[in-house]
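Here is a short tour to read alongside the structure.

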Amino acid sequence: MQTYQILWADDEIELLKPHILFLEKKGYQITPVNSGSDAVDKFQEDNYDAVFLDENMPGMSGLEVLNQLKALKPHIPVIMITKSEEEHIMEEAIGAKIADYLIKPLNPNQILLSVKKILDGKRLVNEKTNQQYQQDFRNISMAFGEVLNHSDWVDVYKKLIYWELEIEKTGSKDMYEVLEMQKAEANGNFASFIRDNYEYWLNNPDADKPILSHQLLRKNVFPLLSDVPLFLIVIDNLRYDQWKILEPIIAEFFNIEEESAYYSILPTTTAYARNSLFAGMMPLDIEKYSPEYWVGDDEEGLKNNFEKELLQKNLVKNKYQNLKMSYHKIIHNQQGKNLLDSFKNLLHNQLNAIVYNFVDMLSHARTDTEMIRELAPDEAAYRSLTKSWFLHSPLMELLKKIAATTPKCMVVITTDHGTIRTKEPYKIIGDRNTNTNLRYKQGKNLDYDKKHVLVAKRPESFMLPKTNVSTSYVFATQDSFFAYPNNYNHYVKYYKDTFQHGGISLEEMIIPFVILNPK
């Protein structure tokens with residue numbers, strides 16, 4: 001166990017001898033001083049892990065000493081001790097970033113608790129976290145042997161994300177590797193679940209199934225519409241773990257009324273899942289009933305140029321034809337700033353649909369840009385990069401404005417699909433008309449290993465369009481990606497450990513839906 005050095009400054013330090021002996025018996029080394037000036041001198045001369053500081057000393061006051069200590073070494077925790085219960089002293093001490101605040105007369109266990117919380121807290125939390133995950137590891141693994149439904153899989157995924165974020169805080173590499181293996185096992189079982197159920201969900205109206213992309217607005221968003229403005233914010237590629245990183249920031253301004261998850265349709269791409277979300281239809285029906293708005297994989301042009309039109313048709317279909325709405329797609333930072341400038345105009349609408357493309361750009365940039373590869377080499381860094389962007393984004397400013405608006409507006413945050421970090425290449429052969437996505441392929445005469453894929457030989461049963469009679473879709477599962485035999489090694493090296501979407505995984509398919517109300 002590490003021996004901690006503590007500096008204790010109090011003009012009545014002799015009276016505190018019993019407390020000092022108590023802490024020394026517990027393994028802490030105490031350096032006592034009886035004035036503020038001595039405390040500053042000692043603090044400069046030696047290294048300490050923490051400081052106990054009396055607030056009311058003759059000469060230099062505790063608050064004055066605190067300011068000097070923080071100026072010298074701001075990272076060293078200072079515990080303020082005082083006889084005074086005056087609120088302004090507490091506020092000044094808290095404002096100066098004290099680690100704890102104790103009021104005399106002191107209790108030995110009270111002091112010990114404060115020290116442990118500050119100096120041993122991280123170690124104790126880490127040990128407890130690892131212990132609790134080890135216990136839950138067995139429960140999660142046992143669940144894989146049971147028959148899980150779509151709601152059970154949401155619970156499993158949320159539990160895995162919870163432990164991933166908790167273990168990440170501990171820095172335990174060994175435990176993180178165990179979790180990674182369990183996530184891989186979960187994704188293997190989830191792929192089998194989707195193979196067994198997805199087609200059935202789409203073709204049986206009475207099937208017990210999750211809310212899918214094309215049902216989300218009708219079931220979860222349109223019922224929220226009223227005379228109060230509703231902001232529907234679709235952050236593309238936003239995985240559930242990324243939402244959990246943003247949640248505490250957003251919770252400063254909003255009450256989280258509902259946090260749930262829905263399932264993205266296949267393929268888990270913007271062209272299919274997001275068009276389906278706004279249209280309220282599966283891709284096959286979009287092609288059939290709104291052919292002017294559908295751009296297939298075999299056609300040139302952007303696949304999501306008609307989201308506003310699809311949303312408008314969806315509103316009319318659901319008897320909201322007179323609803324005042326706006327649609328905005330934010331691809332560049334300046335567009336986000338322009339939207340902020342026109343914020344007052346948005347308050348005249350009952351629905352404001354805002355698509356933020358940042359996370360999608362980030363995932364593709366990570367593939368194409370060496371600098372982004374360096375910044376986001378793993379899941380934790382990818383989450384951190386998302387958080388950093390959000391904190392400095394116009395979206396954060398927009399949410400602050402919404403939160404401060406009277407009367408209060410409602411906000412929905414969701415996404416179209418997630419991404420997975422790809423690791424395992426699988427060879428596939430297709431003709432030159434085969435699409436380029438790494439997680440699904442659509443074409444004719446595709447040649448592949450059938451073991452680790454889901455195949456839609458009849459695309460219409462997956463509610464997907466087909467360009468010719470022999471078109472089929474092949475979806476990658478778990479963390480695999482498709483690679484062509486030509487120049488195979490170069491291709492694999494370039495795309496391995498990049499974040500991709502289009503296939504079947506917990507990360508891509510189980511995605512957040514959140515309802516917020518301003519505080």
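Helices here are DSSP runs of H or I with at least four residues, numbered from the N terminus. By that count, Asp38 sits in helix α2, which covers residues 36–45. Please keep in mind that this is a predicted model.

- Asp38 counts as partly exposed because its relative accessibility is 33%, and partly exposed covers the range between under 20% (buried) and over 50% (exposed).

- Lys317, which belongs to helix α12, has 47% relative accessibility and so counts as partly exposed.

- Strand β3 (residues 50–54) is largely enclosed by the rest of the structure, because 5 of its 5 residues are buried.
- In a regular strand, side chains alternate between the two faces of the sheet.
- Both faces of β3 are covered, with Ala50, Phe52 and Asp54 buried on one side and Val51 and Leu53 buried on the other.
- Strand β1 (residues 5–9) pairs with β3 in the parallel sense through 4 bridges, and Ala9 is found opposite Leu53 of β3.
- Strand β4 (residues 78–82) also runs parallel to β3, joined by 4 bridges, and here Phe52 faces Ile79 of β4 as its opposite residue.

Key. Residues are numbered from 1 along each chain as its sequence is written. This is a predicted model: local features need pLDDT of at least 70, side-chain atom pairs count only at pLDDT 80 or more; totals for chains, interfaces and linings use all residues. Side-chain values use heavy atoms; hydrogens and water are left out. Helices (H or I, at least four residues) and strands (E, at least two) are DSSP runs, numbered from the N terminus. Buried means under 20% relative accessible area, exposed over 50%, partly exposed in between (1.4 Å probe, protein chains only). Two strands pair if DSSP finds at least two bridges between them.
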